[in-house]
Amino acid sequence: MKRLFIALLGVMSIASVANAQKKTSGAIQFENTIDPAAMASASGIQLSDQMKARMPSSSKTNFELLFTATNASYMPVEETEDSNGAGGGGGGMGRMMMRFGGGGGNREYYYVFADKSLTEVFDLNDTTYYMPSKLTLSTSGPIGSFRMGGGNPNDTTKAKPAPAPTIEVVKTDSTKQILGFTCHQAIVKSTRAIKILDMDKNVVEETKIWYTKDLGFDFSPNPNMWTEGAVLAIEGRGNSSIAKSIEYRNVSSKDVTAPKKAKLITAEEYKTKMDNMMKRFRQNRPGGGAGQVRVFGTN
């Protein structure tokens with residue numbers, strides 16, 4: 001009887017270790033929602049009904065976080081019809097990883113938990129770049145700086161580039177359950193001074209970050225919107241990223257490691273490239289850049 005009891009304890013111990021190991025890797029599905037009109041309004045831009053009608057409607061994009069005990073990757077996925085009904089969720093839908101090109105569009109992010117570092121991988125002008133970065137809270141605020149106006153720098157009837165906003169982080173006592181994890185709330189308040197029609201105005205944006213420490217690693221679907229823990233939801237005005245499901249399973253180290261066949265680019269070099277691209281874009285517009293130019297960023 002004693003031997004049987006010891007054997008049962010051994011089996012239970014092995015099962016417990018196996019279960020713990022299983023929960024150190026898996027996949028979390030996120031849904032990102034963007035409403036351009038609401039984002040513009042949050043930045044203090046007054047939009048007419050006609051302007052709103054011309055703007056793209058809200059859109060949803062699916063992303064997947066693959067994680068191991070040491071690393072993670074986060075990238076867009078596309079739901080594709082699978083005639084064999086293999087993989088993915090129900091209804092014969094499979095998931096296919098997609099890399100999107102373009103100037104700073106959707107990217108692949110690779111995280112290293114030990115030092116909170118990450119690598120952004122993206123395509124630009126037919127070249128795949130990787131850019132080292134870190135999890136951080138951006139000083140540019142929840143919504144990136146914007147510009148309106150044409151070639152007349154003395155035109156005070158339109159908003160001009162605003163200085164960096166004042167950022168305040170308020171940790172509240174609010175909690176909510178996301179995927180079975182207790183998530184704590186941090187509110188990022190961004191106060192930006194702008195001038196519209198010769199009037200000074202302070203635009204206050206609030207972004208809610210819901211994070212948990214139960215997963216045992218640091219992560220955020222927006223690496224510039226992070227305070228601590230693993231962020232499972234970011235809720236702003238006109239944009240959100242929310243974790244919808246989690247599956248514990250084995251994940252290959254190759255799937256969470258940045259590709260080696262990419263060209264290094266620093267943040268400064270990237271900014272220079274994007275500034276030059278925007279300059280050429282304005283110069284190629286009719287009238288040499290007259291009219292309105294709007295630039296929004298969510299990261």
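## Serine 73

Serine 73 is buried, with a relative accessible area of 1%. The model described here is predicted. Serine 73 is placed in strand 3, which spans residues 71-81. A polar atom of the serine 73 side chain lies 2.8 Å from the backbone oxygen of aspartate 255. Beyond its neighbours within four places in sequence, serine 73 is in contact with Glu64, Leu65, Leu66, Tyr109, Tyr110, Asp255 and Val256.

## Nonpolar cores

The largest nonpolar core holds 31 residues, of which Ile28, Phe30, Leu65, Tyr74, Tyr111, Phe217 and Leu232 touch the most other members. Strands 1, 2, 3, 5, 9, 10 and 11 each supply at least two residues of this core. Strand 11 gives the most, with 5 residues.

Leucine 65, leaving aside its neighbours within four places in sequence, is in contact with residues including Ser73, Tyr74, Ile28 and Phe30. Another core, of 6 residues, lies apart from the largest one; among its members are Phe122, Leu124, Ile265 and Tyr270.

## Aromatic pairs

The whole structure contains 9 aromatic pairs. Phenylalanine 30 and tyrosine 74 form an edge-to-face pair, at 5.6 Å centre to centre and 85° between the planes. This pair links strand 1 with strand 3 across 44 residues, and both phenylalanine 30 and tyrosine 74 are buried. Together with Phe63, Tyr111 and Phe219, Phe30 and Tyr74 form one aromatic cluster.

The ring centres of phenylalanine 122 and tyrosine 270 are 5.2 Å apart and their planes lie at 70°, so this pair is edge-to-face. Phenylalanine 122 belongs to strand 6 and tyrosine 270 to helix 4, 148 residues apart. Phenylalanine 122 and tyrosine 270 are buried. The charged end of arginine 107 sits over the phenylalanine 122 ring, 4.2 Å from its centre.

Note on methods: Residues numbered from 1 in each chain as written. Predicted model: local features only at pLDDT ≥ 70, side-chain atom pairs only at ≥ 80, totals over all residues. Heavy atoms only, no water. Helix = DSSP H or I, 4+ residues; strand = E, 2+ residues; numbered from the N terminus. Buried < 20%, exposed > 50% of the residue type's maximum accessible area, 1.4 Å probe, protein only. Polar contact = N/O pair within 3.5 Å; in protein donor to acceptor, adjacent residues only side chain to side chain. Contact = heavy atoms within 4.5 Å. Core = buried A, V, L, I, M, F, W, Y, C linked by side-chain atoms within 4.5 Å. Phe/Tyr/Trp six-rings, centres within 6.5 Å; stacked < 30°, edge-to-face > 60°. Lys NZ or Arg CZ within 6 Å of the ring centre and 35° of its normal.
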